[in-house]
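Good morning, and thank you for the time on today's agenda. I shall go through one structure, moving from packing to aromatic contacts and then to backbone details.

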Amino acid sequence: MDVALTIDVTLDFEGASVLPVSEDVARTRPYRIGWLIKSVEVDSASIRYRCFHFARVLAPRFQSIYFTSAYDLLKKIPELDAVIIVKRIDQAVVDVVAKARLYQVPVFMDFCDDMLAPGYVKNEFGVNLLRFLGMAPFLAGVTVPSAEMAERIQGYARENGVSGLKVHNVPDVAETWDIYQATYEFVTGWTLPPRLPAPTPSTTPGRKRIVWFGNYGASHSNFGIYTLRPSLKSLYAVNEDVPLELIVVSNSEPVYRALVQGCGFPTQYVPWSAPAVYAELAAADAALLTTGDDGFCQIKSSTRVLQAFAAGVPVIASKGSAVAEFDESIPTGKMRDALRACLGPQRERLIPARLNEAKRVLARYTPERIGKMWAGLLTSAITAAKTKPGARRSQKLLIVLEPGNNLRAVTKLVKALRHYEELDYELLVSTQLLQSDPRYWNVLRSSRLIPRFFSGKPKGMRNLLGDCSVIVVERPNAPIARLLRHHAAQLGVPVLTNAEAVYGGLSAFVKEPEAPGASAIRAGPYSERLNEDGSVEWAFMVHEKSRGWILDAICREIGSREAASWKVVYYPDTGPPAKNYFFSHHSLFETFVARESDKLGDAKIFVWYTHPRVETPLSIAKLLVAFDRATKIIFTCESNRQVWLDRGLPEEKSAVVLGAADPALFRYHERTGDGVVGLSSAFYERKNPDVLLDVIKRLPHRQFLLLGRNWNQFALFEEMLALPNFTYKTAPYREYGDIYSTFDVFLSISRLEGGPIPLVEAMMSNAVPVASRTGFAPELVRHGENGFLFDIDASAETIASLIESAYELTGNVRQTVEQLTWENLSASIVKLAA
């Protein structure tokens, strides 16, 4: 019996189009895009997600032509407007980039895996990175499906001296059965049956079905079926009171058998296919989507999470930056608690809200919405290429590396040339040289241009010299050098040795590295110090992952205004013995109490509570138990304090200390009337990114500046970044005061806050706040007097109107928060310990 797929998630939304209407509509022919892919198999997930879905929604404005052979693509490059290379970095790709550069055809490389890592398959001796570094300066850009992958690729370039590389986060789409069918028909011309096949029959009627789907694994990474192993005990335990079965959809039954042997609860294996995945999702009660923990897994996209949520299935998965947008959709806590939340009697109370939250995020991941990013990238690159002057320069060196060359001399020359950007050159390398001395791969990596290779004697030697002004060789009498000298003499091209080239002046153009910047965190007059016995009066506990960010900064602001000994400790380091412990976050305190309670002894304990997260009765009960160990829970606003008093926290254990700012850093400035609308925030889903994007679009005459980090984790960040009235900036904290001095209006748009601290900083800078009613904003902002407030579910239209009103507001906003200094805040906290 076939099962019709019913999805409670509507992915269509107003304004989701591939391109805005413009004069581009009048173009007589579509742009021709050549895709270099491994195969034209729709069931290949990487090709479908990174090529076919986008090709479908880009049509008809962009005509996609698929190539599985680089040599076929080479022949067609003069006829193409752009090239996209998907998950390929073989030697033939280098030829494609070189010829495309000659014809000024922009090339994008798309990575869905870290193919540049040393452990990746078919990457002997790091040759993939070598090729990439050679090609990188000539790419229009690199596209990746996750912010973590973008940072990884940028890191490779930065560590190897390649600057200016554009890496764009173009996420995978949230695929549904309907979307899969549409793309399948677009690529193959065949129509699939509209209804799904039946799912695998249940082993016992009434059992809850948990599905895991994905590749069985690989030699270069520990992802795959076996990542379910740590979850088997939890599945076994939950099965005792909630009968369940595990369905594994994958491509290796032997690995599956090895996993489930003796697990103690029913399991089934389903051979992988796209229809099989959707059939099992249609019948599933939950999707358990485990993955590995190595460097390859850490940068993978959230494709399976998107796929499951789009099918209306609750997801259990490890939290991480790849799924940061789904923080409020994925159950938190222990695996057993998450399983019971999805399968047990609390399901009807807990899961609908999470699925509704996921539905809101999924609207960012439609093929049309993500395809719009590709349309913008391609249009910009093609337009730039067509207006770009010819790349050929008047001077070009031909540098020849052949067996017997001196490694040190060659290295010095190539490194010097890398910094001499006004000089064009070709690097011609003998494969026999590489075979005789593998250390020369370092030389190739140092080159800023794509090398050429030859075996034996170079072919077409006269052609090699046709556009060269100088030939550089190590030894003039070496075999290849002699042949080149012969042809050079006929063409009137001078021949220099390496030494003559370097000491003739090239090395003078090597750039000196810039001095590293100062600390990003501004602090008070007292430095960290220990007592003579190694103890401290105050230990400020910060999680290692928060090092250098706002919780770290807050601890340093407080500690550095305390004359007694103090130290910031980055957990999991437990630090020195202390008389007073200040935990910068309640979740860190809860973890510390569970694992290191003996360390606390009879010290006084203060817990900084910013804001609640998605909580269950069980997590609230556990936190109340942990809070009982504390001296004071310090809330940053009265509303959060009241929540916990209602939950049973003793009033004597609570205190409210509002946030603060440094008046010397955040100085008063006069508003000009045409200053920017400023925001200061790291990316979290609670920061309301969709509404922010809408607000920016509604006020094209206002400039918006977002100061923060990790916003590339927002699926539509590329769309936001392309807006002409939007600027994204990261900067060290010491520069924040100068940046805030450009703000006429400060926008705080979050749905949930404990502060935010940037609100105090902005008001101290005399910017007019327009803030959501959360955190301490209602305690600082008097609506219509020193700023404006809006409800957390306010529309973009309402917020935009308040921003316009803020430009009309007069008066000194700074005066209303002058008392909120770090000196006063520090004194308030120290007073609690008295």
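Predicted model: local features only at pLDDT ≥ 70, side-chain atom pairs only at ≥ 80, totals over all residues.

The buried residues of helix 4 are covered by several elements, including helix 3 (91-102), strand 4 (107-110), strand 5 (141-144), helix 5 (147-159) and helix 16 (440-446). Helix 4 itself runs over residues 127-135 and is mostly covered, with seven of its nine residues buried. Those residues are Asn128, Leu129, Leu130, Phe132, Leu133, Gly134 and Met135.

His53 belongs to helix 1, residues 45-58. Its relative accessible area is 0%, so His53 counts as buried, the cut-off being under 20%. Which residues does His53 contact, leaving aside its neighbours within four places in sequence? They are Arg48, Val173, Glu175, Ile179, Tyr180 and Thr183.

Leu288 is placed in strand 10, residues 286-288. Leu288 is likewise classed as buried, at 0% relative accessibility. With neighbours within four places in sequence set aside, its contacts are Ile210, Val211, Trp212, Leu228, Ser231, Leu235, Ile316 and Met335. As for C-alpha positions, Leu288 and Val248 are 40 residues apart along the chain, and their C-alpha atoms are separated by 9.8 Å.

I turn now to helix packing. Two packed helices are described by the angle between their axes and the distance between the axes. Take helix 21 (residues 586-600) and helix 22 (residues 617-627): their axes come within 10 Å and cross at roughly 75 degrees. The range from 65 to 115 degrees counts as roughly perpendicular, and helix 21 and helix 22 are therefore described in that way. On the side of helix 21, the residues in contact are His586, Phe589 and Glu590, and they meet Lys622, Leu623, Ala626 and Phe627 of helix 22. Sorted by class, this contact has four nonpolar, one polar and two charged residues.

The second pair is helix 20 (residues 550-559) with helix 30 (residues 822-832), which pack at an angle of about 80 degrees with their axes 8 Å apart. Helix 20 and helix 30 are therefore roughly perpendicular to each other as well. Helix 20 contributes Ile554, Glu557 and Ile558 to the contact, while helix 30 contributes Trp822, Leu825, Ser826 and Ile829. By class, the contact of helix 20 with helix 30 has five nonpolar, one polar and one charged residues.

Next, the aromatic rings. With ring centres within 6.5 Å as the criterion, the count is 34 aromatic pairs. One of them is Phe540 with Trp566, an edge-to-face pair at 6.1 Å centre to centre and with 80 degrees between the planes. Which parts of the chain does this pair tie together? Phe540 lies in strand 17 (residues 536-543) and Trp566 in strand 18 (residues 566-571), so the pair connects parts that are 26 residues apart in sequence. Phe540 and Trp566 are both buried. They also belong to a cluster linked by ring pairs, made up of Trp538, Phe540, Trp566, Phe582, Phe606 and Trp608.

There are also charges placed over rings. The charged end of Arg647 sits over the ring of Trp644, 4.6 Å from its centre. Arg686 lies over the face of Tyr684, and here the distance to the ring centre is 4.9 Å.

I close with the backbone. Where are the cis peptide bonds that I wish to point out? One joins Ala59 and Pro60, with omega at about 5 degrees; Pro60 lies in the loop between helix 1 and strand 2 (62-67). Another runs from Tyr571 to Pro572, with omega near 20 degrees, and Pro572 is in the loop between strand 18 and strand 19 (578-583).

Two asparagines also deserve mention. Asn710 is not a glycine, yet has a positive phi of about 70 degrees. Asn710 is located in the loop between strand 24 (704-707) and helix 25 (717-721). Asn766, also not a glycine, has a positive phi of about 80 degrees, and is found in the loop between helix 27 (757-764) and strand 27 (768-772). Is each of them buried or partly exposed? Asn710 is partly exposed, with a relative accessible area of 26%, whereas Asn766 is buried, at 1%.

Key
Residues numbered from 1 in each chain as written. Heavy atoms only, no water. Phe/Tyr/Trp six-rings, centres within 6.5 Å; stacked < 30°, edge-to-face > 60°. Helix = DSSP H or I, 4+ residues; strand = E, 2+ residues; numbered from the N terminus. Buried < 20%, exposed > 50% of the residue type's maximum accessible area, 1.4 Å probe, protein only. Lys NZ or Arg CZ within 6 Å of the ring centre and 35° of its normal. Axes fitted to C-alpha atoms, helices over the stretch in contact; angles between N-to-C directions. Parallel < 35°, antiparallel > 145°, perpendicular 65-115°, else oblique. Contact = heavy atoms within 4.5 Å. Nonpolar A, V, L, I, M, F, W, Y, C, P; charged D, E, K, R; others polar.
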